[in-house]
Amino acid sequence: MTHNRNQTANHVLMIEPTNFHANPQTMPTNQFQHEDDVSIADISASALQEFRTFRDKLVEVGVSVTTLKGHKDCPDHVFCNWVSTHEGDSKERGTMVYYPMLAENRRAERRPEILAIFEKTYDLIHDYREYERKGQIIEATASCVLDRVNKVAYSALSPRTDNDLAKIWAKDMGYEHHSFETKGSAGIPLYHTDLVMWIGTDVVACCFEAMTSEAQKTIVRESLERSNRTILSLSMDELNHMSGNALELRTLWGETILAISTSGYEAFSDINRAIVDQAFDHVVHSDLKTLEKYGGGSARCMLTELF
């Protein structure tokens, strides 16, 4: 059963990277991050160019983008995982939720000046930051991938996604919740759920191969089937190239967009790419190889939906 809710936003926040480099505080949980002898200045310059090119492509097709400048002490500021926004009862104001972050230098991303901007526009309905002291973490819609229409949340468990706190979030927000365990190519849990799956209006992509429990895999698949969406089953190779780290958006005039990195788009199997090309009015892909290599995140990680 579906309801009168929007699955996708036509407005996003993007935080421009400043002093971007591989964050040593996040590397233990992120198998996609790498270090080498390239200077931080060169890495940061390349990341900034990738960011601006991707942002401009989204604006060109009709997505509204608000850009803020990241802080020099926050290497991962470009990946905004500490807030989510939601449709409110009022057409004038939406709602928002604040989240706990695992890495200490990621907690610093919640700059007072940025929080003030959010709080002018959104009503804060839940604040889970205090759970950092208990070691319980969920990092916004990176940890809880949302079927906003049917109010179902999916969580891949990891040090950055605590099952008990995700259940609390789901109860507070009125969502059904399904969690599952994963193992990436490096033999550790995938750090965020939005590497494993994305949910659009008519299409959902999921790497069932990454799930370690057949029972959990069945539950997730059956839940996705009940949503009456076309299901793209992603391979581990597709996941490793960031095909699962994508986000459906809408233009200001209602056309659908899939935002994804060039690596993720080109890694799609022929069948999956054909489905994606048919399902969306636009596929916006951009080269994000620096952000992917050193930050371990991709297109979806860079986009905060503004409902």
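Student: Where in the chain is Thr26 found?

Tutor: In this predicted model, Thr26 is found in the loop that runs between β1 (11-16) and α1 (40-61).

Student: Is Thr26 buried or exposed, and why?

Tutor: A residue is called buried when its relative accessible area is under 20%. Thr26 has a relative accessibility of 5%, and therefore it counts as buried.

Student: Which residues does Thr26 touch, leaving aside those up to four places away in sequence?

Tutor: With those sequence neighbours set aside, Thr26 touches Gln33, Asp76, Ala103, Arg106 and Arg160. With Gln33 there is also a polar contact of 2.8 Å, which joins the side chains of the two residues. Separation along the chain and separation in space can be read side by side for Thr26 and Leu102, which are 76 residues apart in sequence while their C-alpha atoms are 8.2 Å apart.

Student: How many cavities of 30 Å³ or more does the structure hold, and how much space lies in the largest cavity?

Tutor: Rolling a probe the size of a water molecule over the atoms shows where empty space is left. Here the structure holds five cavities of 30 Å³ or more, and the largest cavity contains about 130 Å³ of space. Its lining is made of 14 residues, of which Val145, Leu146, Ile199, Leu247 and Arg300 are the closest to the centre.

How values were computed. Residues are numbered from 1 along each chain as its sequence is written. This is a predicted model: local features need pLDDT of at least 70, side-chain atom pairs count only at pLDDT 80 or more; totals for chains, interfaces and linings use all residues. Side-chain values use heavy atoms; hydrogens and water are left out. Helices (H or I, at least four residues) and strands (E, at least two) are DSSP runs, numbered from the N terminus. Buried means under 20% relative accessible area, exposed over 50%, partly exposed in between (1.4 Å probe, protein chains only). Contact means heavy atoms within 4.5 Å. A polar contact is a pair of N or O atoms within 3.5 Å; within protein, one must be able to donate a hydrogen and the other to accept it, and residues adjacent in sequence count only if both atoms are side-chain atoms. On a 1 Å grid over the protein atoms alone, a cavity is a set of points where a 1.4 Å probe fits but cannot get out, and a pocket is an open set with protein on both sides within 12 Å along at least five of seven lines; lining residues have an atom within 4 Å of a point. Grid points are joined across faces, edges and corners, and a volume is the space filled by probe spheres set on the points.
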